[in-house]
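Me: I have a protein model open and would like to talk it through. Could we go over it step by step?

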Amino acid sequence: MPEVIPESTIRVLDHGFVRLDDAMADDLSVVNAARVSFARRKEEMDESDEGLIRFLMRDRHGTPFEHNSFRFHIRSPIFVAREWMRHRVGSFNEFSMRYAKATDDFYVPEAEDVRSQVGKPGAYTFETVSPELAEQTREELRALYDAAYTTYARLVEQGVARELARSVMPVGAYTEFYWTVNARSLMNFVSLRAAETAQREIRRYADACERFLAERMPVTYDAFVAAGRVGP
Ligand SMILES: Cc1cc2nc3c(=O)[nH]c(=O)nc-3n(C[C@H](O)[C@H](O)[C@H](O)COP(=O)(O)OP(=O)(O)OC[C@H]3O[C@@H](n4cnc5c(N)ncnc54)[C@H](O)[C@@H]3O)c2cc1C
């Protein structure tokens, strides 16, 4: 049985979440999109349909996986959102610091997530640092965030436009956005961003999105995993 995610919300990092706002997504839509080629339609999945989904995935017949939709509401640090919005196949709308006051929530990693970066591009390994350096990093981030937000709030208070005052906000500040995406594009995102090579923070968000895919389209999800986590 697929997992049922309480209140369709998964908490991520210290102030973030992935919430499935709505979805029109099931495995049957994949099967019916494929079978329309033969003027056939099913009301319920059976074993042969599961085989069909595995075949479509394996042979990279991607378009039947596009007739569905996941609408996510996400709260993440700005640097995670920047990575996320590189994924062009999908629709985004984001919180605006022109029109609304910036949040004072900032990302402070857990001590075990403070890491060093060893090696070269394409072959980095990330290693834990000493407890002292981890704590120092967390304290320096907090101090910097405090200073940035104090300056931001003062400038806005003095009448500087929010669109300009936001220049002082660090990329560790939280933002919110909606992301609507179909399963094909979602699998591409999960394939790239839940991978070991992806940055740890966006990986946690991709893991959350992956759980929603598994919940709503379990046969598709199993076929994706069986195909080596490469989307069609
Ligand atoms: C580990 C990692 C490191 C990265 N590092 C960097 C970096 O240093 N610098 C950087 O700029 N980006 C970086 N990226 C972002 C990366 O280059 C992609 O922009 C991002 O992963 C989106 O992937 P995508 O194009 O497959 O997804 P989408 O944009 O959602 O596109 C989905 C698919 O649609 C097709 N498609 C979409 N647009 C086009 C097009 N114009 N032409 C042809 N086919 C298209 C492709 O098949 C594509 O895979 C990184 C990504 C990862 C995962």
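Me: Into which domains is the protein divided?
Reply: Please keep in mind that this is a predicted model. The protein is divided into domain 1, made of residues 6–96 + 173–226, and domain 2, made of residues 111–168.

Me: And what distance separates the centres of domain 1 and domain 2?
Reply: Taken over C-alpha atoms, the centres of domain 1 and domain 2 are 30 Å apart.

Me: What box do the C-alpha atoms fill?
Reply: Along the principal axes, the C-alpha atoms of the protein fill a box of roughly 65 × 40 × 30 Å.

Me: How many helices and strands does the protein have?
Reply: There are eight helices and seven strands in the protein. Of its 232 residues, 28% count as buried.

Me: How many bridges join strand 3 to strand 7?
Reply: Eight bridges join these two strands, which run antiparallel.

Me: What about strand 4 and strand 7, over how many bridges do they pair?
Reply: Strand 4 and strand 7 (residues 174–181) pair over four bridges, in the antiparallel sense. F92 has W179 as its bridge partner in strand 7.

Me: Which way do the side chains of a regular strand point?
Reply: In a regular strand, side chains alternate between the two faces of the sheet.

Me: Then there are strand 5 and strand 6. In which sense do they pair?
Reply: Strand 5 (residues 115–118) and strand 6 (residues 125–128) pair in the antiparallel sense, over four bridges. Q117 has F126 as its bridge partner in strand 6. These strands form a hairpin with six residues between them, and G119 in that hairpin takes a positive phi near 105°.

Me: New topic: helix 6. Why is it described as largely enclosed?
Reply: Helix 6 (residues 183–193) has eleven residues and eight of them are buried, so it is largely enclosed by the rest of the structure. A residue counts as buried if 20 or more other C-beta atoms lie within 10 Å of its own.

Me: Which residues of helix 6 are buried?
Reply: They are A183, R184, S185, L186, M187, F189, V190 and R193.

Me: And what covers those buried residues?
Reply: The cover includes strand 3 (69–77), strand 7, helix 7 (200–216) and helix 8 (218–226).

Me: Which residues are around the ligand?
Reply: The residues around the ligand are R86, H87, R88, V89, S185, N188, L192, R193, T197 and A198. This shell divides into three nonpolar, four polar and three charged residues.

Me: I clicked on F224. Is it buried or exposed?
Reply: F224 is buried, as 26 other C-beta atoms lie within 10 Å. Its place is in helix 8.

Me: Which residues is F224 in contact with?
Reply: Leaving aside its neighbours within four places in sequence, F224 is in contact with M57, M187, R229 and G231. The C-alpha atoms of F224 and I53 are separated by 9.5 Å, although the two residues are 171 residues apart along the chain.

Me: You mentioned R229. What is its phi?
Reply: Phi of R229 is near 60°, a positive value in a residue other than glycine. R229 is found in the segment after helix 8. With 14 C-beta neighbours inside 10 Å, R229 counts as partly exposed.

Me: And what about S8, where is its place?
Reply: S8 is in the segment before strand 1. Although S8 is not a glycine, it has a positive phi of about 50°. S8 is partly exposed, with 16 other C-beta atoms within 10 Å.

Terms used. Residues numbered from 1 in each chain as written. Predicted model: local features only at pLDDT ≥ 70, side-chain atom pairs only at ≥ 80, totals over all residues. Pairing = 2+ DSSP bridges. Domains from an automatic or database assignment. Buried ≥ 20, exposed ≤ 12 C-beta atoms within 10 Å, placed from the backbone. Contact = placed C-beta atoms within 7 Å. Near = placed C-beta within 6 Å. Nonpolar A, V, L, I, M, F, W, Y, C, P; charged D, E, K, R; others polar.
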